[in-house]
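Welcome! Here is a short briefing to read alongside the sequence and the structure.

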Amino acid sequence: MNAHEIDYQIYGEEMQYVEIELDPQEAVVAEAGSFMMMDNDIKMDTIFGDGSNQEKGVLGKIFSAGKRILTGESLFMTAFLNEGHGKKKVSFASPYPGKIVPIDLSEKQGKFICQKDAFLCAAKGVSVGIEFSKKLGRGLFGGEGFIMQKLEGDGMAFVHAGGTLAKKELAMGEMLKVDTGCIVGFTQNVDYDIEFVGGIKNTVFGGEGLFFATLRGPGIVYVQSLPFSRLAGRVLAALPRGGKDKGEGSILGTLGDIVGGDNQF
């Protein structure tokens, strides 16, 4: 497997985007909705699957696309091919505040495992597949079910992490405990499992969930401080009741809502 060799630059701090430079006939594939801008002479094309099995005929394409259905993604991806004579650039934006993480698969033994919604884009030739969990507890309580995404090949791939990114390099046997939603991804040698928090008070009143992930080295783990599910939950909790302004600056607070007739009973 030989993925296209692409150059890139990441811009921004909190809302980042990655600019990818393509030589003539080089291409990059991306999830729908991540495209930001591109130079002239770059052709955008919708492809079946991830583009890594195009030479294997119809069955290869169907198998590639079928893997994406199992991870909850679309059957199709978008390929951006430089049809010009010189170098051209195409950019992809992060979906919410956080960091874009470049993953050189040739330095990760050809495989990287990540949350299914973390993948942003990759050099054409990188396979975007599925990683089945072989452990019942991880499948039932891991937050991602039995399936996570795996990126395979020898090219560059880009994943997105919400909030601030932490990179942990685990030694042989070293263990890290993480909230299940905060995992961005990890190298293939990391052993991943689920552990019950334990304790009646922790279970009933802890507010941190009943399980956390245990990751045991050797390998590299990427952790995000703000998973999208947590961000979405906080946004929903802050929505005004009845479609009206919550009035955080009000001195009266809830009493003011009662006087103003804004309470819903």
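Which residues have the most contacts inside the largest nonpolar core? They are Ile 20, Phe 92, Cys 121 and Leu 151, in a core of 38 residues. Please keep in mind that this is a predicted model.

**Nonpolar cores**
- Cys 121, one of the residues with the most contacts inside the largest core, is in contact with Val 18, Ile 20, Val 28, Val 29, Ala 30, Phe 92, Ala 157 and Phe 158, leaving aside its neighbours within four places in sequence.
- As a general rule, nonpolar side chains in soluble globular proteins tend to be buried together.

**The open sheet**
- Four strands make up an open, antiparallel sheet, and their order is β1-β2-β7-β4.
- The edges are held by β1 (7–11) and β4 (35–38); each has a single partner strand, so one side of each is left without a neighbour in the sheet.
- On average, neighbouring strands of this sheet are turned by 20° against each other, direction ignored.
- β4 and β7 (residues 88–93) run antiparallel and are joined by three bridges.
- In this pair, Phe 35 stands opposite Phe 92 of β7, and Phe 92 is also among the residues with the most contacts inside the largest core.

**A buried lysine**
- Lys 108 lies in the loop between β8 (98–104) and β9 (111–114).
- Although buried, Lys 108 has no salt bridge; Glu 107, the nearest side chain of opposite charge, is 4.7 Å away.
- Not counting residues up to four places away in sequence, Lys 108 touches Ile 103, Thr 187, Gln 188, Ile 220 and Tyr 222.

Conventions. Residues numbered from 1 in each chain as written. Predicted model: local features only at pLDDT ≥ 70, side-chain atom pairs only at ≥ 80, totals over all residues. Heavy atoms only, no water. Pairing = 2+ DSSP bridges. Helix = DSSP H or I, 4+ residues; strand = E, 2+ residues; numbered from the N terminus. Axes fitted to C-alpha atoms, helices over the stretch in contact; angles between N-to-C directions. Core = buried A, V, L, I, M, F, W, Y, C linked by side-chain atoms within 4.5 Å. Buried < 20%, exposed > 50% of the residue type's maximum accessible area, 1.4 Å probe, protein only. Contact = heavy atoms within 4.5 Å. Lys, Arg positive; Asp, Glu negative; His and termini not counted. Salt bridge = Lys/Arg side-chain N within 4 Å of Asp/Glu carboxyl O.
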